[in-house]
Amino acid sequence: MQIGRWNHQTSGGSSGEHSRSPYPSRYKGRGGTRYSGTRDRNRPSDRYSSSGRGHASPHRRGFGAFGETEAEIEKFMNKSFVTAEEPAYVPEHKFSDFDVDDRLKKNIATKGYELPTPIQDKAIPHILLDKDVVGLAETGTGKTAAFLVPLIDKIMKRPQERVLVMAPTRELAVQIERELAGFAKGLGFRGMVAVGGANIAPQISALRHVPAFVIGTPGRLKDLMERKALDLSGFGTVVLDEADRMLDMGFIDDMRFILSHMRHERHTLFFSATMSKEIERLIGDFLSDPVIISVKARDTSRNVEQDVVRIPRSADKFETLAQMLEGSEFSRVLVFGRTKFGVEKLAKELSRRHIHAESIHGNKTHSARTRALEAFKRGSVSVLVATDVAARGLDIPSVSHVINYDLPSTYEDYVHRIGRTGRAANKGKALTFVRER
Ligand code: AMP
């Protein structure tokens, strides 16, 4: 089943032809790339002058050496243009129609959710009947509430039940727990987060309180099991969130190990943005007679205007970025780099230019990543530089621009990156740096 986007917006000028766009010409200048966007009036122009001419930046070697070509990027961009309009999705249910506890309905309303998204509309009735479900949906579709709402109701009706949620990254696990805390407010049970890169001792003591929901990354969950802090024999429900990503990240053996220690008769929910032979095999191994629900994965690009920033050979890529970020319309910018080292270095160089930037990548501790993310969400820094893995699944409101400073390595990564902007009813812009040959 293919169903349309719940909060459909028109594409707002994303024509799909690079040459029609205002960007490339604006970014090109004599003797180097220049961005002539509006400056932030609060920044003294002498200190933050963005004329890059003749500037010998240390970044040229570090960040400009990947050989991004237009042909390469077109491979990504052309596929994700959406030109046809689709009618807005009309859900079959309202939240009040679902057979869930009234107190939970109240919390849903308090969170401001009026109508279910397609994945919620289609999945919740099946999950409430204890059916195994495969949800082919990516972040931004409302998949988290699609599993949390019916599972919270399950815990309310059967307080002995316990739920395990596996997610690929620490950030996603934390995000799920936050959403859970909102829905479960005042309902008398709790969830805990079990992720690597954070001190294990508080997680061990949290587990002693027998939380109804344990949300974690596979490596840390296995670690806790091996330390006998987590006994899964009482767990009858499991959610595998972003299963394709967990597979990509090499968690498959840990996932199998963890599932083998759960109750044999279990309720399994499986979410993945993509379908592949391997994913099909996992579904066959882990689920029994599942209902399969597919939400169009590409629709995030509908709200996102996509463009290429061409950088002449003679120009400095870092300088182009720095000049661009000085424009006031670049209010909350997610910049993607390819390596952990490159991401860290880029954030530091930007900060040195007084463009306040934070970074998230796998070499940072969990708390440092959380701090960086919070600063970005709060708006105390306007730029977050990230690797694909660290940014996967993040739900950050009002990201104005996604900048692909380094090219993504796959089309899937491109779609995930640009899906960080243009969320809900907002419009966003995705700019991809391409070095001219
Ligand atoms: P997710 O795909 O679960 O990461 O959700 C994406 C965003 O949509 C989150 O910020 C949710 O809080 C929000 N959201 C999910 N379901 C709804 C809904 N039914 N109505 C409004 N917002 C929602």
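Predicted model: local features only at pLDDT ≥ 70, side-chain atom pairs only at ≥ 80, totals over all residues.
Let me begin with helix H13, which spans residues 317–325. This helix is mostly covered, with 9 of its 9 residues buried. Among them are Phe318, Leu321, Met324 and Leu325, and also Lys317 and Glu319.

I turn now to the second largest pocket. Its volume is about 310 Å³. The lining consists of 18 residues, and those closest to the centre of the pocket are Arg170, Met249, Gly362, Arg369 and Val389. Which helices supply at least two residues each to this lining? They are H9, residues 218–226, and H16, residues 388–391. The largest share, 3 residues, comes from H16. By class, the lining has 5 nonpolar, 7 polar and 6 charged residues. Both domain 1 (24–84 + 302–435) and domain 2 (95–294) contribute at least three residues to the lining.

My last topic is charge pairing. Side chains of opposite charge can pair when their charged atoms come close. The structure holds 25 salt bridges, and I shall describe some of them.

In helix H10, residues 243–248, Arg245 and Asp248 stand 3 residues apart, about one turn of the helix. They form a salt bridge whose closest N and O atoms are 3.8 Å apart.

Glu349 counts as buried because its relative accessibility is 14%, while Arg352 counts as exposed at 56%.

A further salt bridge joins Arg353 to Glu326, with the closest N and O atoms 3.7 Å apart. Arg353 lies in the loop between H14 and strand S13, and Glu326 in the loop between H13 and strand S12, so this pair ties together parts that are 27 residues apart in sequence. Both Arg353 and Glu326 are buried.

Finally, some residues are linked in a network of salt bridges: Asp130, Lys154, Arg158, Glu161 and Arg263.

Technical notes. Residues numbered from 1 in each chain as written. Heavy atoms only, no water. Buried < 20%, exposed > 50% of the residue type's maximum accessible area, 1.4 Å probe, protein only. Helix = DSSP H or I, 4+ residues; strand = E, 2+ residues; numbered from the N terminus. 1 Å grid on protein atoms, 1.4 Å probe; cavity = no way out; pocket = protein on both sides within 12 Å on 5 of 7 lines; lining within 4 Å. Points joined across faces, edges and corners; volume = space filled by probe spheres on them. Nonpolar A, V, L, I, M, F, W, Y, C, P; charged D, E, K, R; others polar. Domains from an automatic or database assignment. Salt bridge = Lys/Arg side-chain N within 4 Å of Asp/Glu carboxyl O.
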